[in-house]
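Notes below, in the order I looked things up.

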Amino acid sequence: MSNGAHSTEAETEETEVETEAAEVAAASASSDASASASAASDASVSEAQAEEAHGLTGLPYDAVELRTERLLLRPLTKNDLDDVHAYQKRKDVVRYLMWEVHDHEESAKHLEKRIAMTELADDGDGLIYAVELPDPAGGHGRVIGDMSIFLKSAAHAQLEVGWVFHPAVHGRGYATEAAEAVLAVCFETMRAHRVFAQLDPRNEASARLCERLGMRQEAHLRQSEIFKGEWGDTVIYGMLDTEYAARAR
Ligand SMILES: CC(C)(COP(=O)(O)OP(=O)(O)OC[C@H]1O[C@@H](n2cnc3c(N)ncnc32)[C@H](O)[C@@H]1OP(=O)(O)O)[C@@H](O)C(=O)NCCC(=O)NCCS
């Protein structure tokens, strides 16, 4: 998943499939257009409209604060180091992530990199939200996890999401609540066509989260990468814009 687990090969396969689909669509659009000379100008208008309709809107997208019933999602800051390290140092947290536990210095480097990830403009960009549990007394809130959005393809309106939360707050619906806010950004603000997550099939909590959100399992790739020294499978969960809209009704 975007927080580090199981991505490369799945992305390559998806890109190939999507490229093929785009080629088929383009070939069919061009044969339709040539079928009637008088319709040529209409066809070019509708192709342009289709392109506009399919791509992501509002790029570049800059992170803005998101408030949910119990949480604040905002860009990471240097002050979040101790909170972030508190979960990055745990074996149970990184078990299904690509990386191993971080010591304090590794968390600091990781944080520095991710503080800069606040804008989605080009394919490959990532945006990280700190998930803060605000202090009801108005003091400094605690960062209990983070959410990621990766821009996989602007032209094909594909985004990938990821999540990591401190085990002390698991089982209370915080990840679901934060993910709902992120899905709203993806589908309502950016007009994604498809949002997906990639996970280790053994990561049952993450799979349950996907299902709670209404994502559907799209693929189970067998031994798609070497994960922590051995072959690992990847499961892909996804949701389409039509499914998101239907779910909201
Ligand atoms: C994946 C991960 C974020 C899921 O966390 P989580 O605590 O299970 O998810 P939520 O915070 O949404 O809590 C949902 C659970 O709380 C329960 N819950 C309690 N109150 C709830 C509420 N108000 N709303 C929704 N669920 C609620 C749900 O029933 C659910 O329990 P269940 O999974 O046993 O059915 C977490 O396991 C994690 O951070 N893992 C380590 C990092 C990781 O592997 N990331 C994913 C890489 S692919």
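Before I quote any helix crossing, a reminder to myself: an axis here is a line fitted to C-alpha atoms, for helices over the stretch in contact, and angles run from 0 to 180 degrees between N-to-C directions. Also for the record, this is a predicted model.

**Entry 1: H6 against H7.** I started with this pair and found that their axes come within 10 Å and cross at roughly 55°. Perpendicular would need 65 to 115 degrees, and roughly parallel means under 35, so I put H6 down as oblique to H7. I noted the crossing of H6 and H7 as right-handed. Which residues make the contact? From H6 I listed Ala175, Thr176, Ala179 and Leu183, and from H7 I listed Leu209, Arg212 and Leu213. Sorting the residues of this contact by class gave me five nonpolar, one polar and one charged.

Entry 2: Ala175 and Thr176 were already in my notes, as part of the H6 side of the contact with H7.

**Entry 3: H3 against H5.** I looked at another helix pair, H3 (residues 81-88) and H5 (residues 104-115), whose axes come within 9 Å and cross at roughly 115°. The crossing of H3 and H5 is right-handed. On the H3 side I found Leu81, Val84, His85 and Gln88 in the contact, and on the H5 side His104, Ser107, Ala108 and Leu111.

Entry 4: Last stop was the strands. Do S9 (residues 216-227) and S10 (residues 230-240) pair in the parallel or the antiparallel sense? Antiparallel, and I noted eight bridges between S9 and S10. I also looked up histidine 220, and its bridge partner in S10 is valine 235. S9 and S10 form a hairpin with two residues between them. In the turn, lysine 228 has a positive phi of about 50°.

How values were computed: Residues numbered from 1 in each chain as written. Predicted model: local features only at pLDDT ≥ 70, side-chain atom pairs only at ≥ 80, totals over all residues. Pairing = 2+ DSSP bridges. Helix = DSSP H or I, 4+ residues; strand = E, 2+ residues; numbered from the N terminus. Parallel < 35°, antiparallel > 145°, perpendicular 65-115°, else oblique. Left-handed = near helix turned anticlockwise from the far one by under 90°. Contact = placed C-beta atoms within 7 Å. Nonpolar A, V, L, I, M, F, W, Y, C, P; charged D, E, K, R; others polar.
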